[in-house]
Amino acid sequence: MKYLKEFKNIEKFNYAYPPDFFDKEGVEKVASELGEEVDSYVGGGAYGFAFKLKSGKILKFTPNEYEVLAANRLRKRITSKHINSIYDVREISDSQIMDDEDRIWWAIVQDEVNVLPDDERRIYGTWHTSFLTNDISDKDFMRMIRQRAPYPHIEWWEKLLPQRQSIIKDLTKNGINKWEAHAGNVGFDKYGTFKVFDLEFDNDMEKKFTKNYQHQFGKMNKSIKAYEQFINEEFDKEFNKE
């Protein structure tokens with residue numbers, strides 16, 4: 001399948017490169033256990049990689065425990081317009097055994113978001129810290145844009161401005177780190193609503209939820225056992241050699 005060919009061509013440099021067991025069969029095993037089917041490979045970033053499912057959702061794999069903690073909390077209580085909907089968060093049992101760096105990997109099922117194209121990433125990335133701060137009013141923000149930015153930037157920000165206050169409110173209410181809502185972690189849904197899809201808590205919320213770290217992980221859904229048979233077979237092979 002096409003997604004597998006693209007997946008195998010991911011460069012290791014600057015990526016949380018997936019363990020070798022995340023091949024076509026492995027990814028499909030995880031999706032199947034979640035009641036889903038894989039459609040295509042979407043892409044990878046600093047902390048994981050993702051596949052589109054035939055249901056239209058996204059299946060993301062990540063070793064980032066802080067993202068997992070945030071995603072699991074928001075899965076249970078998300079009512080926010082600008083934070084992407086999360087449907088499932090699971091540990092992949094025994095994944096660290098097959099990972100060269102002994103990392104535990106997690107699977108997150110969430111809505112698909114249309115990521116920003118390169119030109120919009122540059123526009124948003126230049127001004128996003130000012131856009132997301134409570135210290136600047138909408139009026140002052142647009143005054144700054146009109147004074148300093150070229151016209152295409154001004155037009156883009158004018159379209160997004162009506163959503164600004166509700167974006168800030170959603171991130172603040174849920175304790176999301178606003179500076180993680182950078183150009184690589186945001187986009188729009190099919191209705192044009194601004195969405196943050198890669199989440200981490202801010203410092204205060206992170207302290208609250210990592211204080212009882214293992215308890216938080218213990219409250220998650222049942223782990224995925226997709227590799228249990230594979231691991232047992234590998235151990236049997238090694239034992240029989242001896």
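Reply: Thr62 is buried, because its relative accessibility is 0% and the cut-off for buried is under 20%. This is a predicted model. Thr62 belongs to strand 3, which covers residues 58-62. Setting aside neighbours within four places in sequence, Thr62 is in contact with Tyr47, Gly48, Glu67, Val68, Ile104, Trp105, Trp106 and Ile108. With one of these residues, Glu67, there is also a polar contact: the side chains of Thr62 and Glu67 are joined at 3.4 Å.

Lys60, Glu67 and Asp198 are linked in a network of salt bridges. In general, side chains of opposite charge can pair when their charged atoms come close. The structure holds 8 salt bridges.

Phe49 sits in strand 2, residues 48-53. Phe49 has a relative accessible area of 2%, so Phe49 is buried.

Strand 2 and strand 3 both come up again at the largest pocket. About 690 Å³ of space lies in this pocket. Strand 1, strand 2, strand 3 and strand 6 (114-115) are the elements that each give two or more residues to its lining. Strand 1 gives the most, with 4 residues. The whole lining is made of 28 residues, and those nearest the centre of the pocket are Val115, Gly184, Asn185, Phe197 and Asp198. Asp198 is also a member of the salt-bridge network with Lys60 and Glu67.

Glu36 lies in the loop between helix 2 (24-33) and strand 1 (38-45). Is Glu36 buried or exposed? Glu36 is buried, because its relative accessible area is 16% and the limit is under 20%. Not counting residues up to four places away in sequence, Glu36 touches Ala31, Leu53, Ser55 and Lys57. The side chains of Glu36 and Ser55 also make a polar contact of 2.8 Å. Glu36 and Lys54 are 18 residues apart along the chain, with 7.2 Å between their C-alpha atoms.

Lys54 has a charged partner in that loop, namely Glu37. Lys54 and Glu37 form a salt bridge, with 3.6 Å between the closest N and O atoms. This pair links distant parts of the chain, 17 residues apart: Lys54 is in the loop between strand 2 and strand 3, and Glu37 is in the loop between helix 2 and strand 1. Both Lys54 and Glu37 are exposed, whereas Glu36 is buried.

In the first, the side chains of Arg90 and Asp88 meet at 2.9 Å, N to O. Arg90 has a relative accessible area of 16% and is therefore buried. Asp88 has a relative accessible area of 11%, so Asp88 is buried too.

The second pair is Asp138 and Arg164, whose closest N and O atoms are 2.7 Å apart. These two residues are 26 apart and link distant parts of the chain: Asp138 is in helix 5 (residues 138-148) and Arg164 is in helix 7 (residues 164-173). Asp138 has a relative accessible area of 24%, so Asp138 counts as partly exposed. Arg164 has a relative accessible area of 0%, which means that Arg164 is buried.

Asn174 is in the loop between helix 7 and strand 7 (186-188). Asn174 is buried, because its relative accessibility is 10%. The side chain of Asn174 makes a polar contact of 2.7 Å with the side chain of Ser80.

Asp198 is in turn among the lining residues nearest the centre of the largest pocket.

Conventions. Residues numbered from 1 in each chain as written. Predicted model: local features only at pLDDT ≥ 70, side-chain atom pairs only at ≥ 80, totals over all residues. Heavy atoms only, no water. Buried < 20%, exposed > 50% of the residue type's maximum accessible area, 1.4 Å probe, protein only. Contact = heavy atoms within 4.5 Å. Polar contact = N/O pair within 3.5 Å; in protein donor to acceptor, adjacent residues only side chain to side chain. 1 Å grid on protein atoms, 1.4 Å probe; cavity = no way out; pocket = protein on both sides within 12 Å on 5 of 7 lines; lining within 4 Å. Points joined across faces, edges and corners; volume = space filled by probe spheres on them. Salt bridge = Lys/Arg side-chain N within 4 Å of Asp/Glu carboxyl O.
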